[in-house]
Amino acid sequence: LEKRDLVRFAALGEQYAENNFRINSIVPALIGGFILTRNHEELDYHRLPLPKGLHVVVIYPKRNALISRNVRNNIANKIPLNQAINQAANIGALVQALYLSDFELMARAFQNNLIEEHWALLIPFFKELKQAALSNNALVCGIAGTGSGVFAICKSSIEAEKSANAMQAIL
């Protein structure tokens, strides 16, 4: 089977493990790249362009693994309309930034107004990790998946190494 054909089976495994049919984590793991998931049930996802030169740092404190369904229960069921509109605008701007290789727009657009404030509380030293990455010229820093991993996107391998070292020193 092609990797694209494996997505449905991997999603069924996700459903078995997490009681939720989702593809937003498994598609990037299977096919790589920057993936926009439009619809989980229809397996409607799209690979977005990845600007040259970007480096990703992921730091994952093993002793603090979070279970997705437990983390999702920490989020309010209702999101204010203005927050949802702002998040949708940021996603649109992020897609535009990827197509244009506009790192400044990417840095401005990469804000998680819906989830980060809730999940960050569950990740020890998240604020410090984020500040360390951004202080070392990372373009963005956020929660990897449902945590407890933290990622940073950098414009060069040198900035990625500096961010990684600064984040690792905190842990």
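This report describes the fold, strand pairing, cores, pocket and selected residues of a predicted model.

## Basis and overall fold

The model is predicted: local features need pLDDT of at least 70, side-chain atom pairs count only at pLDDT 80 or more, and totals for chains, interfaces and linings use all residues. Residues are numbered from 1 along each chain as its sequence is written, and side-chain values use heavy atoms, with hydrogens and water left out.

The chain contains eight helices and five strands. These elements are DSSP runs numbered from the N terminus, with helices being H or I of at least four residues and strands being E of at least two. In sequence order the pattern is α-α-β-β-β-α-α-α-α-α-β-β-α. Of the 171 residues in the chain, 36% are buried; buried means under 20% relative accessible area, exposed over 50%, and partly exposed in between, with a 1.4 Å probe and protein chains only. Among contacts with a separation of 6 or more, 56% are between residues 24 or more positions apart, a contact being heavy atoms within 4.5 Å.

## Strand pairing

Strands E1 and E2 (residues 44-48) run antiparallel and are joined by five bridges; two strands pair if DSSP finds at least two bridges between them. Phe-34 has Leu-48 in E2 as its bridge partner. E1 and E2 form a hairpin with four residues between them, and Leu-43 in the turn has a positive phi of about 55 degrees.

Strand E5 pairs with both E3 and E4. Five bridges join E3 to E5 in an antiparallel arrangement, and Val-57 stands opposite Ala-152 in E5. E4 is also antiparallel to E5, over five bridges, and the bridge partner of Ile-143 in E5 is Val-150. Six of the six residues of E5 are buried. Gly-149, Phe-151 and Ile-153 lie on one side of E5 and Val-150, Ala-152 and Cys-154 on the other, so that both faces are covered.

## Nonpolar cores

In soluble globular proteins, nonpolar side chains tend to be buried together. A nonpolar core is here a set of buried Ala, Val, Leu, Ile, Met, Phe, Trp, Tyr and Cys residues joined through side-chain atoms within 4.5 Å. The largest such core has 17 residues, of which Phe-126, Ala-133, Cys-141, Val-150, Ala-152 and Met-167 touch the most other members. E3, helix H7 (126-135), E4, E5 and helix H8 (157-170) each give two or more residues to this core. H7 gives the most, with four residues. A second, separate core has 13 residues, including Leu-54, Leu-98, Leu-139 and Ile-153.

Leaving out residues up to four places away in sequence, Ala-152 touches His-55, Val-56, Val-57, Ala-133, Ala-138, Val-140, Cys-141 and Met-167. Ser-163 lies in helix H8 and counts as buried because its relative accessibility is 0%.

## Largest pocket

The largest pocket has a volume of about 1,600 Å³. On a 1 Å grid over the protein atoms alone, a pocket is an open set of points with protein on both sides within 12 Å along at least five of seven lines, and lining residues have an atom within 4 Å of a point. Grid points are joined across faces, edges and corners, and the volume is the space filled by probe spheres set on the points.

The lining comprises 42 residues, of which Asn-24, Ile-35, Phe-110, Ile-143 and Gly-145 lie nearest the centre of the pocket. It divides into 23 nonpolar, 14 polar and five charged residues. Ala, Val, Leu, Ile, Met, Phe, Trp, Tyr, Cys and Pro count as nonpolar, Asp, Glu, Lys and Arg as charged, and the others, Gly among them, as polar. Elements that supply at least two lining residues each include helix H2 (26-31), strand E1 (34-39), strand E3 (55-59), strand E4 (140-144) and strand E5 (149-154). Helix H4 gives the most, with five residues.

## The loop between H5 and H6

Gln-111 is found in the loop between H5 and H6 and is partly exposed, with a relative accessible area of 39%. Beyond its neighbours within four places in sequence, Gln-111 is in contact with Gln-87 and Asn-90. Gln-111 and Gly-142 are 31 residues apart in sequence and 8.3 Å apart in space, C-alpha to C-alpha.

Asn-113 lies in the loop between helix H5 (103-109) and H6. Residues up to four places away aside, Asn-113 touches Gln-83, Asn-86, Gln-87 and Asn-90. The C-alpha atoms of Asn-113 and Ala-84 are 8.1 Å apart, across 29 residues in sequence.

How values were computed: On a 1 Å grid over the protein atoms alone, a cavity is a set of points where a 1.4 Å probe fits but cannot get out, and a pocket is an open set with protein on both sides within 12 Å along at least five of seven lines; lining residues have an atom within 4 Å of a point.
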